[in-house]
Amino acid sequence: MDSASAKVTAPAASQVRIGIGELYASREPHDVLIAYALGSCVAVILHDRSAGAGGMAHIQLPGSSGSTVRDAESVCAYAEYGVPELISRMYALGAVRQRLRVSLAGGAVVADPNRFFQIGRKNVLAVKRILWQHGLIPSRQAVGGESWRTVRLHVGSGRIAIQSPAGHEEF
């Protein structure tokens, strides 16, 4: 077979769904981490290009104070547990705090027409507070508003793609 007819195929991307209360950290360059239809939930996205590591947590509620076990999908659904656990997993993969790029998506007002509960806003504030306690500040965010977002992190490149009824954006 000559070189003109030889085919080079890139490894297929592995899509990893991050459900409510789940988190995932990876060093696999072909992994694409996806959180679907974020409403008031917040996706916390961490990436360290030098370590080749990326991770995402799907945060459902700001804190567990006064909550029962059934209020959240899992303990990592709470910002106070999920965010530190994601940071810890990223460090275990070789990420370094000073190199971490932090991004947030979600935190919208949904199913709250009078804006009484403001869970999305509270989620964003809780996540930011915990990140700040760990010396991390979000550099990019797509938060608030009134509609859902689906977010994808391409671990190899660190590219983040966000889809919503308003359109598509990347950062």
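In what order do the elements of the protein chain run from the N terminus on? They run β-β-β-β-β-α-β-α-β-β-β-β. This is a predicted model, in which local features need pLDDT of at least 70, side-chain atom pairs count only at pLDDT 80 or more, and totals for chains, interfaces and linings use all residues. Residues are numbered from 1 along each chain as its sequence is written, and side-chain values use heavy atoms, leaving out hydrogens and water.

The protein chain holds two helices and ten strands, taken as DSSP runs (helices H or I, at least four residues; strands E, at least two) and numbered from the N terminus. Of its 171 residues, 45% count as buried, that is, under 20% relative accessible area with a 1.4 Å probe, protein chains only. Among contacts (heavy atoms within 4.5 Å) between residues at least 6 apart in sequence, 63% join residues at least 24 apart.

|---|---|---|
| α1 | 79-92 | A79, E80, V83, P84 and I87 |
| α2 | 119-133 | A126, V127, I130 and L131 |

Helices α1 and α2 pack at an angle of about 45°, with their axes (lines fitted to C-alpha atoms over the stretch in contact, angles running from 0 to 180 degrees between N-to-C directions) 9 Å apart. That angle makes α1 oblique to α2, because angles under 35 degrees count as roughly parallel, over 145 as roughly antiparallel, 65 to 115 as roughly perpendicular and the rest as oblique.

How values were computed
Buried < 20%, exposed > 50% of the residue type's maximum accessible area, 1.4 Å probe, protein only.
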